[in-house]
Number of protein chains: 2
Amino acid sequence: MSEKKIIITIGREFGSGGHEIGEKLADRLGIGFYDKNLIELAADRSGLDAATVSGSDEKAPGFFVSPYAPTVSDKLFFAQSELIRHLADTQSFVIVGRCGNALLRGYVDTFDVFVFAPLEARINRIMERYYIESSEKARREINRVDKVRRGYYQYYTEYKWGNHDAHDVIIDSSMFGIDGTVDVLEVMAKKRFGIE
Amino acid sequence: MSEKKIIITIGREFGSGGHEIGEKLADRLGIGFYDKNLIELAADRSGLDAATVSGSDEKAPGFFVSPYAPTVSDKLFFAQSELIRHLADTQSFVIVGRCGNALLRGYVDTFDVFVFAPLEARINRIMERYYIESSEKARREINRVDKVRRGYYQYYTEYKWGNHDAHDVIIDSSMFGIDGTVDVLEVMAKKRFGIE
């Protein structure tokens with residue numbers, strides 16, 4: 001839709017709808033969308049086996065790792081990092097997770113978003129999307145996934161997960177809902193990259 | 001400009017321009033603006049002496065306080081709180097600081113914003129606004145004021161200062177500048193309160 005390169009990174013709490021918001025935002029702007037699909041691309045480029053590494057996606061290595069040999073998580077992280085920067089050299093896209101904001105900081109101009117929502121709203125979303133009938137189970141799953149994401153983010157970057165220090169805007173998706181949040185982020189993204 | 005009540009609370013890091021943004025946003029929306037000016041109003045209503053309490057504005061009490069007798073800070077805080085809720089019953093406004101978001105949570109519908117900016121940008125703004133010639137001195141002043149604000153906020157509320165848990169949106173004012181930030185907040189505020 002534009003000659004200018006648009007790169008948007010989205011961090012998100014589990015159950016906040018950040019992934020869906022990113023996907024719809026990419027759609028609106030007519031640009032690429034990267035999430036888990038980066039694994040196969042990164043594996044292809046680096047000779048890793050996609051099936052082997054997929055279990056390490058967005059996870060920090062375990063505790064018992066050699067300080068010298070890179071773990072599968074490390075190899076995947078480095079392959080993804082290299083790929084994300086390569087993509088940033090050549091195209092516009094939205095990337096969800098994968099420390100996109102930290103990896104691209106100082107490398108290219110990005111619009112860095114973090115999406116959150118009150119726990120209650122996230123529990124409802126998770127119950128609906130994953131057919132979980134117990135809100136307690138949904139709450140535990142939210143805590144578990146957020147802990148894994150926080151661990152990954154803080155293992156590989158110098159920033160605190162969900163903190164404003166590495167984001168341009170942090171937004172509660174429950175305020176406007178999924179489409180409403182896409183609306184305001186679209187306004188901001190266009191302003192950010194000087195479109196229209 | 002509208003029949004609907006619009007209440008916007010703004011927290012801000014020192015030097016982020018949050019105060020100016022709040023003032024301009026209130027102007028744009030044609031609604032009231034409250035900041036330090038609440039002191040006199042609150043003092044008037046509660047029989048406190050404005051000159052006496054002004055030194056306690058947005059400050060937590062010191063360490064050596066009686067657990068039973070309210071301090072000047074406490075009295076001012078309670079008087080301001082009562083006044084802020086009274087205002088919220090009757091009019092639209094933007095309020096900067098004073099735990100507005102926490103005080104009005106669950107009381108009326110609000111749009112809760114926190115404005116931050118990278119330290120470098122804040123240093124530059126403070127040097128310019130307060131005619132400080134040393135960036136080191138500006139940095140120290142930023143740390144000092146933020147510490148006081150954080151102390152006040154965390155003394156009187158259950159939230160962590162600058163954290164997203166009690167805000168709808170947290171925004172880096174250096175991304176769009178003062179007027180640009182007012183632009184996007186105006187879009188969001190109107191959307192939030194269903195205007196236009």
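**View 1. Aromatic pairs of the predicted model.** Over all chains, the whole structure holds 16 aromatic pairs, a pair being rings of Phe, Tyr and Trp (its six-membered ring) with centres within 6.5 Å, where planes under 30 degrees apart are stacked, over 60 edge-to-face and the rest tilted. Phe77(B) and Phe78(B) form an edge-to-face pair, because their ring centres lie 5.8 Å apart and their planes stand at 70 degrees. This is a predicted model, in which local features need pLDDT of at least 70 and side-chain atom pairs count only at pLDDT 80 or more, while totals for chains, interfaces and linings use all residues. Residues are numbered from 1 along each chain as its sequence is written, chains are lettered from A in the order written, and side-chain values use heavy atoms, without hydrogens and water.

**View 2. Phe114(B) and Trp161(B).** The centres of these rings are 5.4 Å apart with planes at 90 degrees, so the pair is edge-to-face. Both residues are buried (under 20% relative accessible area; exposed is over 50%, partly exposed in between; 1.4 Å probe, protein chains only): Phe114(B) has 1% and Trp161(B) 13%.

**View 3. A charge over a ring between chains.** The charged end of Lys191(B) sits over the ring of Phe176(A), 5.8 Å from its centre; the criterion is NZ of Lys or CZ of Arg within 6 Å of the ring centre and within 35 degrees of the ring normal. Within chain B, Arg85(B) lies over the face of Tyr107(B), 5.3 Å from the ring centre.

**View 4. Cysteines.** Cys99(A) is buried at 3% relative accessibility, and Cys99(B) is buried at 4%. The whole structure contains zero disulfides, defined as cysteine sulfur atoms within 2.5 Å.
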